[in-house]
Amino acid sequence: MKTTRLTLFCLIAALCAAAPAFAGLIAHYAIQADDSPLVIEDLSGSGRDAAFVDTQDPPAPVYVEGYPCAENGALRFNGTTQHVDASGRFGNGIYLNSAVTVAMWVKGPAQNDMRVFSEGSTASNNPLVTIGTRSPTDGTVKLYIRGSTTVERFSTRVAFDNTWHHIAWVDKRVGAGANMLAQSFVYIDGVLDSAFTYVRPLFTGTNALNTMTIGAIRRATISNRFTGVIDDVRIYDHALSPEEVSALVVPPCAGCAVQGDPDYYDTEITGVR
Ligand SMILES: [Ca+2]
């Protein structure tokens, strides 16, 4: 049991945010330091725990303030040796669901062509389903999907500017049968940023997916490691509505009083992880 200090304001915000949008949640990496810092627990009830992986010996996970204002509630990735690995937990791939939503909080600088979410293959460098940063560096979000064909799209707004931003990617097939027509929506901070229709690449044969990572790409080797903080990664096997996406976004930490402020309520809460 971990004791966490939050202001009353942030507690209410967090509780309000935690309530909705759990149906169809197939993995939820809330991320919180505890007695097992190398295990990134899946709170969805699906048993898809992930592992913190670090080529440093011993592994050195760094937990920092999460969103919003949760002490030791997020992981800071160093960009050189670290990622979170849930490979093998999602069958043939999250993206093979007819609809999928991937959502998370990020806080990192603009950087060239790194990844916060990725599916890939240890057998081939080709197949990728990824969310990351744009090359050339401009702080926007890059969506890069490559199987039998390649799809590359960019957000309009910036998500990587060293402050907290929420990213949600909602993708769903709209074609029947073998028609792989799909619609994709990118939300930043709970607001629709961009939308497009495209034909989903195929991930069969040599393009089959078998890895899932947070903060890097895993193929035969690890690459494209993200520098920055990631919190509360949620994966759904369906398309969240705009209202459900915006419900994941709570008031920013800037709105929370800190200890010493006149309106800081020194509220001790136990049983909150
Ligand atoms: Ca967290």
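How many C-beta neighbours does Asn162 have inside 10 Å, and does that count as buried or exposed? The count is 12, so Asn162 is classed as exposed. Keep in mind that this is a predicted model. Asn162 sits in the loop between β12, residues 150-158, and β13, residues 165-173. Its phi is near 70°, which is a positive value in a residue other than glycine.

There is a second case of this kind. Asp189 is not a glycine either, and its phi is positive, at about 55°. You will find Asp189 in the loop between β14, residues 181-188, and β15, residues 191-199. Within 10 Å of Asp189 there are 17 other C-beta atoms, so this residue is partly exposed.

While we are on loops, two peptide bonds deserve a look. The bond joining Asp57 and Pro58 is cis, with omega about 0°. Pro58 belongs to the loop between β4, residues 50-54, and β5, residues 62-64. Ser135 and Pro136 are also joined by a cis peptide bond, with omega about 0°. Pro136 lies in the loop that runs between β10, residues 128-133, and β11, residues 140-146.

Now the chain as a whole. It has 273 residues, and 42% of them count as buried. The secondary structure amounts to two helices and 20 strands. Take the contacts between residues at least 6 apart in sequence: 67% of them join residues at least 24 apart.

Next, the strands. Eight of them form an open sheet, and if you trace across it the order is β3-β4-β7-β16-β9-β10-β11-β12, with antiparallel pairing. Which strands stand at the edges? They are β3, residues 39-40, and β12; each has a single partner strand, so one side of each is left without a neighbour in the sheet. The partner strands β11 and β12 run antiparallel and are joined by six bridges. To find one on the screen, look for Tyr144, whose bridge partner in β12 is Glu152.

Strand β2 is another one to pick out. It covers residues 25-29, and five of its five residues are buried. β2 pairs with β19, residues 227-236, in the antiparallel sense over four bridges. In that pairing, Ala27 stands opposite Ile235 of β19.

Is Gln32 buried or exposed? It has 23 C-beta neighbours inside 10 Å, and the cut-off for buried is 20 or more, so Gln32 counts as buried. Gln32 is 42 residues away from Ala74 in sequence, yet their C-alpha atoms are 6.1 Å apart in space.

In soluble globular proteins, nonpolar side chains tend to be buried together. Here the largest nonpolar core has 63 residues, and those with the most contacts inside it are Met104, Ile167, Ala168 and Ile230. Which strand gives this core its largest share? That is β8, residues 99-107, with six residues.

Notes
Residues numbered from 1 in each chain as written. Predicted model: local features only at pLDDT ≥ 70, side-chain atom pairs only at ≥ 80, totals over all residues. Pairing = 2+ DSSP bridges. Core = buried A, V, L, I, M, F, W, Y, C linked by C-beta atoms within 7 Å. Contact = placed C-beta atoms within 7 Å.
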